[in-house]
Every structure is written in structure tokens, then in C-alpha cells.
Amino acid sequence: MATTVRRAVLTLPAAPLGPENPLPGLRPLDEQHVVDERTRAALPRDMARQVGHAPLRTLLPVRVLDGYGRERTPADLDTIVIENDRLRATVLPGLGGRVHSLFHKPTGRELLYRNPVFQPADFALNGAWFSGGLEWNIGATGHTTLSCAPLHAAIVPAPDGGDMVRLWEWERLRDLPFQVDLWLPADSDFLYVGVRIRNPHERTVPTYWWSNIAVPEDERTRVLAPADEAWHFGYERSLRRVPVPVSGGVDRTYPLRGAYPADYFYEVPEESRKWIASLDAEGRGLVQTSTDTLSGRKLFLWGSGRGGRRWQQWLTEPGTPGYAEIQAGLARTQLEHVPLEAGAEFSWLEAYGPLAAAPAAVHGEDWAAARAEAEARLEEALPRARVDAAYEAWRPYADHEPGDPLATGSGWGALEVLRAGYKLPGTPFGEATLAEQQEPWRELLRSGTFPAPDGAASPPGPSLVAQHWRDMLETAPADPLTEYHLGVAQWHAGDVAQAVRSWERGLQAASSRWPLLRCLAVADLDAGNAGRAADHYAEAIDDLCRERGDGEAWRAATAALGREAIAALLAAGRTGAARAVWAELPDDLRGSGRFRLVEAQLLVAEGDRAGARALFDAGFEVPDLREGAEVLGEVWARTGDDPLPDAYDYRMRPAAE
């Protein structure tokens, strides 16, 4: 059959994503992939330089997604299906362009781990993420903020004369447009993926990319890559060089032989072909290869311990097989950001397909022989020269303008193009995509004034923080809403003192005070002033509770500010004030799993260990429990001496001695 591209619908049990958190992300969520200065000093010079290059100090201008739950009902997800007589790839354009399935027809095998549910969890840089499939991670260390966001999608001509699916968006953490082109040549066993990241600015921008492939795992699954060493990163937040495959007496290329979740970033020699494969007991599975620009390779494993197994269950449903992740990136490790010069671009080609190798060699004790067998079979199936040629053939097509639209992403790229007049062949960001969130900023661009909201009061919309928007806010009329957004932009730029001054000026005339008070509270926490932060939080939550209206935006603001306020008051030793905030919250909010944990923390602080223990015994789930978080174990330990129950065991590292 000729290669076809069509729309389809996939029905899955799905938890609703929920609204955005209206509170600006003045600080990043707890990202696990960080190392201390002493560790960094021991790294190779180039790695140390990139590890320390432009880490995030805020999530701005992106908003946090933490309004999802755990109750799943059947939902229809729009898909794009790319198919020839060998492969069928199913893409989710509304969820970061994730490739949900890659099905090999001749063998009847699913090559990816295909999650049977859509269940958001707190793994992305901005919260909501889901497991399974093949995802495109751009921005900064961690899972992309676009994990659960829509991308633009359309059909463009493929290099072989057929159709190609283009996905594109404007990545907002680094202000960079990117595209992902997917096509299946006729009779090909491999999905080709062309990727391009462009820097349209007059400054160098830190860049990050990792293609993340979820693959099925069992006791005999082995991951192979062309390396004899790797950088091991565990959730103890240490980075150290280890041999491959055996480290600490265990063959770490078998994901289930490790006890705890861990990353292995392979040291792939510069001259080697870039590839990674996950093969089962029969020597069959998936292989990924690329042109040399995408030089990094990684294995992430959950391990066989209780915490890793619990996370696997949390991300899907009982009875579902587990998975590991094999990945490919721009640098040796995910802790690094690579400079992209002004006006320059990174581009490369990846290929994904089946691999069959001799099981005796793949699973033999001779690591060099196992690697050689896998690489030889890859060369037979898809020669390295063919991948390089496919990349060269694709490059002229990367600028082709999209044809038939398949999906629509955000309007943020259109706003940037409208502001700066960028010429970005192949990735149009048309004015028709501008929507409600962009409209105030379009008005600021047009008139020099940031408009007051129309109609009933509502939480402020998202802030923009790049220098050009900050400059416009500084010259706009200084009303309270403008001062609020200006302070957010100044905070993002590192000008903390000026941000605080802007927020304090805004308070003098503000009718809605809580957004400004919350920003001042975060600044207090950042300065180590717990008492003043508690004061500001208490005043902010009182003001919000007086002002709030109906609707999901107000509910999201109340939930987010309520949790922050109670945490700050408890940290300041003001247990009674924290209990008073609790009493102001709506009953249905207090009954949710998120606030059951807050209630347990309150009870422990009040000295009611039995009451806190009763909450645990009754059972609750915290939908947005953060990757690597140990709060459940910490609160449980304060209720008594019993071992932590399995249901609350999400530990991703050995217990501290």
C-alpha cells in the first residue's frame, strides 16, 4: 500500500486535565536532575560548563498544570495515523505530538510501550505529564511543558514524493520555534523523524532536546548502546561515571535488575554510529538511530523496588506491564543545556523501527559481542549511509509550507511573529491562531497600554516576561494590573528588588490585592523571611476568599493559594492561622486527596498524631504528587513507628542512614 496520512479518534479511559494554575510560576517545580557544585567540579570541563549553563530559576512565562485528578472515564482523543504496508504510527497532536503507538504489521508487534490510559502525573517541568509512547522534550532539563499541550500539525510533501506530517510550536521557556516532521517511505520498516530548532533572536539561547521512547520491559529485556561507560544519575542527586554493562556487581543493561530508579547516560564515542535498542528474550524489539547531531543516549529504569513499582502502577492501571525509557539527546546528559547561536539552528534526522538479533549474542556475557550483533543487524536493516542520505534529502523539505491543517496549537508563536516580524519558512504562526490569552498582549503591542479585564473580576491572565515585553510594560500606564505583570517580568529577569517595588506600587491602588500579595510572599520566602511571607499569605488568602467568584479559574486559584498559604504558615510556626485558612476553604476542596495530605500535616503540627494516622488509614491519593517527592513518607513517619504502607511508598532512592 502507498503511505497514507489520516485523522482518527482514539478512545481511552482518561482523567481530565483540569484548568491551568492561575498563580505565576515564580519558582520552578522541584526538578530532580540537579547536582551540587562539588559534583560539578569533578566533571569533564565541557560537561561541567553545559551543566551550569542557564538553569531555570522560574517557570515563566509557562503556567503550572496541576488541576487533574485520578478519576478516569472514556474520552475521545484526536489522532493522526501515518501508515504504510509495514508500519502504523499513531500521533496525538493535542498532547505534545506524542507518538502513542508504533505497530509493526509483518510481526504483529507493538514496538513502543502503549499506555492503555491517559493519566496525568506531576513529572513535567510545569506539572502534568503522562507515560508511554515517544515524546519530544524541548526547553530545559525535564519533561517538556508541552507534554499535555496541543501542537500545530499539517501535511507537507515528503522527500520521497508522499505525504509527511509536520508538528510545530513555539517553545516558551526558551522562546524558540521548533518542528518535528514524520514520514514513512513506501515499504519502509522505519519511521523517519526530521527535527529542527531555530533561534530567531539576536542572542545565544540555551537549548535542550531529548527524544524519550517508552519500551516494554520484563526480566529478559536488555538495552544496548555503543558504549563501555555511562554517567549514572540516581535520585540521591549524584552524577558519577560507571562501567557498562556491569556496575556494583549487577548488569545494569537489564532494567529490572536495579533496585531503584536511575538514569544511565552512555558515553558514546564520537566516531560511533548513534543508536540505542531495547530487545527482549528473543532478541526482538525497537531500535532508534540518528544522524550524529543527536549524540546522547540514555536508559532510564524504574527498578524492581517498591517505590519504582508503585510509580509504574500510579502512571497507568493495575495489571499493566511495566516499561523503561530509552532516549536520545543533544548532549551527553540531561543536566546539560547546549548554546544555540543567534540566527542558527540545530537539525537532525531520527529513525525508529524493529530490530531482530541473535538472542544468544544479545544476552551473552560478552558485552562487545552483544553490541556488535545488534549494530550489525541494524546496519543490515537500515545502513548508516541511508540515514545520512535521508537527512540530506529532507533538509530542503523542512522549509516547505504546510498544506492541509490537521490540528492547531497555541497563539503564542503568532504573537511573537506579529511583534518581531520573524520569517520562519515551514512553520507559519498565523494571526488566526491568536486567542483570548494573547489578546491583552496584542493590545499592549498595538496601543502601548495593558487593558483592564472586561466584565466580572477574574484571576489575572498569564504574564509575558521576555525583555521586549518587559520594556513595553515599563512604559505603559502604571495601573495595578500592569504593575503586577511588570513585577513578574522583572522577577524573571533576576531583578528581585525592582519586582518587589512594582508589586508594592500596585498594591497601593489595587482593588484585587491577592495576586500582588502572593507574589510578595514568594519574594519573602526567597529572601528567607518566613514570618513576613506568612503575613502576606494570610492576607492574600483572606482577600481571595472575599473576592472569589464561581468557575474553575477561581477554584484553581483557591486550591493553589490555599496550599501555599497553609505550608507557609506551618513553616512559620503559626498552626492556628494555618487551621483558620483551612476553615475558609470550600468543603469539596478540603475533601480532595490533595487536601487530605494538607489536613494530615495540620493534624501533626497540632500534635494530633492519631488523627493524622486515621486519615492515612482511611486512604487518600494526591493526584499531583511530584516525581521524587518524599512528603508522604515524612508525614507518615510523624504519625508513629509503623512501616510505610505500599500504597504510600513512592521512594525513588535508598533510605538515608
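Helix H9 spans residues 467-475, and its buried residues are His468, Trp469, Arg470, Met472 and Leu473; helices here are DSSP runs (H or I, at least four residues) numbered from the N terminus.

Residues are numbered from 1 along each chain as its sequence is written. As the model is predicted, local features need pLDDT of at least 70 and side-chain atom pairs pLDDT 80 or more, whereas totals for linings use all residues, and side-chain values use heavy atoms, without hydrogens and water.

A pocket is an open set of points on a 1 Å grid where a 1.4 Å probe fits, with protein on both sides within 12 Å along at least five of seven lines, and lining residues have an atom within 4 Å of a point.

| Largest | about 1,500 Å³ | Leu29, Arg563, Glu564, Ala567, Arg626 |

The lining of the largest pocket divides into 28 nonpolar, six polar and 15 charged residues, and its largest share, eight residues, comes from H14. Helices H12 (514-526), H13 (530-547), H14 (552-571), H17 (593-605) and H19 (631-637) each supply at least two residues of that lining.

For the second largest pocket, the lining has 20 nonpolar, seven polar and nine charged residues, and H8, H10, H12 and H14 give two or more residues to it.

Methods. Buried means under 20% relative accessible area, exposed over 50%, partly exposed in between (1.4 Å probe, protein chains only). Grid points are joined across faces, edges and corners, and a volume is the space filled by probe spheres set on the points. Ala, Val, Leu, Ile, Met, Phe, Trp, Tyr, Cys and Pro count as nonpolar, Asp, Glu, Lys and Arg as charged, and the others, Gly among them, as polar.
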